[in-house]
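Please open the structure in a viewer and keep a selection tool at hand. The stops below are arranged so that each selection leads to the next.

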Amino acid sequence: MTEKYVLAIDQSTQGTKAILVDHQNQIFWKTSLAHKQIINEDGWVSHDLNEIRANLTTLFKQVLKKVTANQIESLAITNQRESAAAWSRKTGEPLCRTIVWQDNRAEKLINRISYPELTDKVKNSTGLALSPYFTGAKWGWMFLNEPRVVQAQANNDLCLGTMDTWLVFQLTNGQSFKTEPSNACRTQLMNIKTGNWDQELVEIFGIDINDLPDIVDSNSNFGETDLFGLLPHKIPILSVLGDSQAALFAHGCFETGDFKVTFGTGSSVMLNIGKKLPNNFNNQLNTSLAWSINGQKSYVLEGNINYAGACVTWLKDKLHLIQDPAETANLALTANPNDHTILIPAFAGLGAPYWLPDMKAAFVNMTATTGKKELVRATLNSLVYQINDILYAFHQLSPKVNDEIHTDGGMIKNKYLMQYLSNITQKNVKIANISELSALGSAMNAMHHFDGMQYSKTYTPRINKNTAKDYCNEWTTWIQKLA
C-alpha cells in the first residue's frame, strides 16, 4: 500500500517550510526557503508576499519530486501570528508589504487611543492588552499610510488577513476567505467570549467587518487546492493553527495545567487553562484561544518574549562575539562562575509579564574581568529569567500548573540553556525529539490525532530552591532599578 502524507506548510517569520508527515506522526521529508527580512532605519519589519508565494511554488515542486501527487492526501497550515496582510479581493495581489508581528510602527496610533475606557474594553473583550504588536493596530496604521489599502476599501476590493488567511486565499485561488480562533484571537479584533469579530473594536481601527475573513473551527475544511496548478486534482486544507498553539497541540498539552515553551526568534510560554474562560482578565499575561475543534474551544494563558533566538543572532551579527549559535553552550559552560553580569534584553522594551515598552537593553553588573563568555552566558540566562517570571504569573492565575516543561524550537539543542531553565524554574524540562513541532501539530490536527509526542531527553534541577531564588532576586532587582 502506498504511504499517504499530510503536506504541512509552516509559514514562519524567517522562511517557509514544506513538511510531509505520515500517519504515525513522523516527518518523512522536509524542505525550506528563507525570505527577506525587510528592515528600515526605524526598525520596521516587513515581508514581501509575492516572494513568499514564489517560494511556496518552488517548495511544492520540490515536494512533488519526492512523492507522487496521489500520496498527498491533505494540506495543513501553521503560521507566524499577528502579522498583518492586505490584498485585492479581485486579483489576490498584495496591496502593500506585510507588517510583521515584531513591528511596532503602530505605537503612535496606540498612544493616541489609549484612554482608560478603551484599554479596559480591549482587555476585557480580547484578553490582550492594547498594543501595537497585535494585528488590528497594524491594519489601522495601513489605513493612515497605505493609499492602495484605503482605495481598495473604498472599492469593496479589500481583504485583510493574518498569514494563514492569505495562504488559504492564495491556495484556493480566491475561493476561500477564512481564519480560525488561534489566529483570530491574536488580531485584537475578536471577542474572546463570543468567538466573533467585535464591531466596536473593528470600528476603532477604521476596519469594515466585511473585509475580515470568516472565523471557523481550527479543523474545518478551509477549501481545496491544487498547489497552484501543480496537482492534477484538488486536495482539502483540513487544519490551520497559529504556530505557538500548533506546538502546544503537538506536545499533547490538552489538559488543564499542561504547558510548553517554544524557542524561536521570540519565545512563547503557553499554559492550557481548559475549556472555560477565567472570570476576569486583569493580569499581566495574554488570555487567548488554543483552538476550536469540532465546536469545542480550549483556552490558554500566554506570555510572549520578543527576543529569544534574536538575542543570539544579535551576539553574532552585531557584536560579532560568536560565528555560530552552537558556540554559545560551551562558552556559557566555561564562563567565570563568580561573574554576575546580567543582560536586560529590552531591544523593543520588555513584554509579558513586565510591560515596560520604553525600557532599553543593557548589560549590567559587569566587572573589569567580564569577557565574551560571560556576556554570552548572561544573554542565555536572560531568557530563562523571563520564562521563570511568566511561570510565576501562571502559578498566581491558574489552579493547576504542572511540574514538567515541554520545550521545542531551535534553542532546545543548547544544553546549557536547558539545564539552566530546569535549575531556575525547579521543574523538569522535556526536550522535543524534533524541531518542526508547529508543522507536526497542524498535521496531527488534520489527521485528528491527539496522542502527543516523544521526548529525546529530560533535564532535572541541579541546584536547590534557595540558590535559584537568589539568582532570580538579582535579576528582579535590576529590572526594578531600570524600570
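The model is predicted, so to speak of local features a pLDDT of at least 70 is needed, side-chain atom pairs count only at pLDDT 80 or more, and totals for chains, interfaces and linings use all residues. Residues are numbered from 1 along each chain as its sequence is written, and side-chain values use heavy atoms, with hydrogens and water left out.

**The nonpolar cores**

Select Phe-263 and Ile-344, which touch the most other members of the largest nonpolar core, a set of 117 residues. A nonpolar core is a set of buried Ala, Val, Leu, Ile, Met, Phe, Trp, Tyr and Cys residues joined through side-chain atoms within 4.5 Å; buried means under 20% relative accessible area, exposed over 50%, and partly exposed in between, with a 1.4 Å probe and protein chains only. Helix H12 supplies the largest share of this core, 12 residues. Helices (H or I, at least four residues) and strands (E, at least two) are DSSP runs numbered from the N terminus. Another core, of 32 residues, lies apart from the largest one and includes Tyr-5, Val-63, Leu-75 and Ile-235.

Return to Phe-263 and display its surroundings. Beyond its neighbours within four places in sequence, Phe-263 is in contact with residues including Leu-383, Ile-387, Met-411 and Leu-417, where contact means heavy atoms within 4.5 Å.

**The cavities**

How many cavities of 30 Å³ or more are there? The count is 2. On a 1 Å grid over the protein atoms alone, a cavity is a set of points where a 1.4 Å probe fits but cannot get out, and a pocket is an open set with protein on both sides within 12 Å along at least five of seven lines; lining residues have an atom within 4 Å of a point. Grid points are joined across faces, edges and corners, and a volume is the space filled by probe spheres set on the points.

Select Asn-304, Tyr-307, Pro-345 and Gln-386, which are among the lining residues of the largest cavity. This cavity holds about 50 Å³ of space.

Next, select Cys-311, Val-312, Leu-383 and Met-411, which are among the residues lining the second largest cavity. Helix H10 (309–317) and helix H12 (372–397) are the elements that give two or more residues to this lining, and H12 gives the most, with 4 residues. The space in the second largest cavity is about 30 Å³.

**The second largest pocket**

Select Asn-388, Asp-389, Tyr-392, Ile-424 and Cys-472, which lie nearest the centre of the second largest pocket among its 20 lining residues. The volume of this pocket is about 590 Å³. H12, helix H13 (415–425) and helix H15 (465–482) each supply at least two residues of its lining.

Move to the open sheet of 3 strands, ordered S4-S5-S8 with antiparallel pairing. S4 (38–39) and S8 (98–99) are at the edges with a single partner strand each, so one side of each has no neighbour in the sheet. Strand S5 (residues 45–47) pairs with S8 over 2 bridges; two strands pair if DSSP finds at least two bridges between them. Here Ser-46 stands opposite Ile-99.

**Asn-428**

Finish at Asn-428, in strand S23 (residues 428–432). Is Asn-428 buried or partly exposed? Asn-428 is partly exposed, at a relative accessible area of 29%. Its contacts outside four places in sequence include Asp-403, Ser-422 and Tyr-459.
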